[in-house]
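This briefing covers strands, cores and pockets. Please keep the sequence and the 3D structure open while reading.

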Amino acid sequence: MVLQIKFLFRCPRRNGYSCVTTSYNNGLIAAAESGLEPSCHIYSMPGKRMIADFKMNTTLKCMGLAFSRDGKYLVILGGLPDFNITIYDIENKKFLITDSHTLKYRQEFISVKFNPRSKNEFAILSEHKVQFYTILPAF
């Protein structure tokens, strides 16, 4: 077997990307830049068209990304120094307004995943803990 690079996304910044995730059901790829005030780029596949480009709510880099199963939301875990947890609404091209949440157990972070049965639930895995979150509508 031989692996071949079919296409290459170049990061517009010199620092490159720090994190990537895919939405299998919706053909989306999200890549998070590294460096001061990083942006996130979301591409639609197989056409390789950028459908979103936005500044993330973190200072230096992203530690984790995950799409909801329906591809509507992207959860973003910021890294040093703020460790913000934010959710981007891809359809409406804006962040959900939520209470401020920061990542606990920062040194032990492993991954973040949405519940495959609900676009409103996700979990953050650390070495010794699993934190469960629910996105609730606010009025």
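Two strands count as paired if DSSP finds at least two bridges between them. Strands themselves are DSSP runs of E with at least two residues, and helices are runs of H or I with at least four residues, numbered from the N terminus. In β6, the bridge partner of Leu65 is Ile76. The model is predicted, so local features need pLDDT of at least 70 and side-chain atom pairs count only at pLDDT 80 or more, while totals for chains, interfaces and linings use all residues. Residues are numbered from 1 along each chain as its sequence is written, and side-chain values use heavy atoms, with hydrogens and water left out.

- β5 and β6 run antiparallel and are joined by 5 bridges.
- These two strands form a hairpin with 5 residues between them, and Gly71 in the turn has a positive phi of about 75°.
- β6 and β7 also run antiparallel, with 5 bridges joining them.
- Here the hairpin has 6 residues between the strands, and Phe83 in the turn has a positive phi of about 55°.
- Tyr73 stands opposite Asp89 in β7.

**Burial**

- Buried means under 20% relative accessible area, exposed means over 50%, and partly exposed lies in between (1.4 Å probe, protein chains only).
- Because 5 of the 6 residues of β5 are buried, β5 is largely enclosed by the rest of the structure.
- In β6, 6 of its 6 residues are buried.
- Both faces of β6 are covered, with Tyr73, Val75 and Leu77 buried on one side and Leu74, Ile76 and Gly78 buried on the other.

**Nonpolar cores**

- A nonpolar core is a set of buried Ala, Val, Leu, Ile, Met, Phe, Trp, Tyr and Cys residues joined through side-chain atoms within 4.5 Å.
- In soluble globular proteins, nonpolar side chains tend to be buried together.
- The largest core holds 17 residues, and Ile42, Phe54, Leu65, Leu74 and Ile76 have the most contacts inside it.
- Two or more residues of this core come from each of β2 (28–33), β3 (39–44), β4 (49–55), β5 and β6 (73–78).
- Apart from this core lies another of 15 residues, among them Tyr73, Leu77, Leu103 and Tyr133.
- Contact means heavy atoms within 4.5 Å.
- Leaving out residues up to four places away in sequence, Phe54 touches Pro38, Ser39, Cys40, Ile42, Leu74, Ile76, Tyr88 and Phe95.

**The largest pocket**

- On a 1 Å grid over the protein atoms alone, a cavity is a set of points where a 1.4 Å probe fits but cannot get out, whereas a pocket is an open set with protein on both sides within 12 Å along at least five of seven lines; lining residues have an atom within 4 Å of a point.
- Grid points are joined across faces, edges and corners, and a volume is the space filled by probe spheres set on the points.
- The largest pocket contains about 370 Å³ of space.
- Its lining has 16 residues, of which Ile97, Thr98, Asp99, Ile135 and Leu136 lie nearest the centre.
- β7 (85–89) and β11 (130–134) each supply at least two lining residues, and β7 gives the most, with 3 residues.
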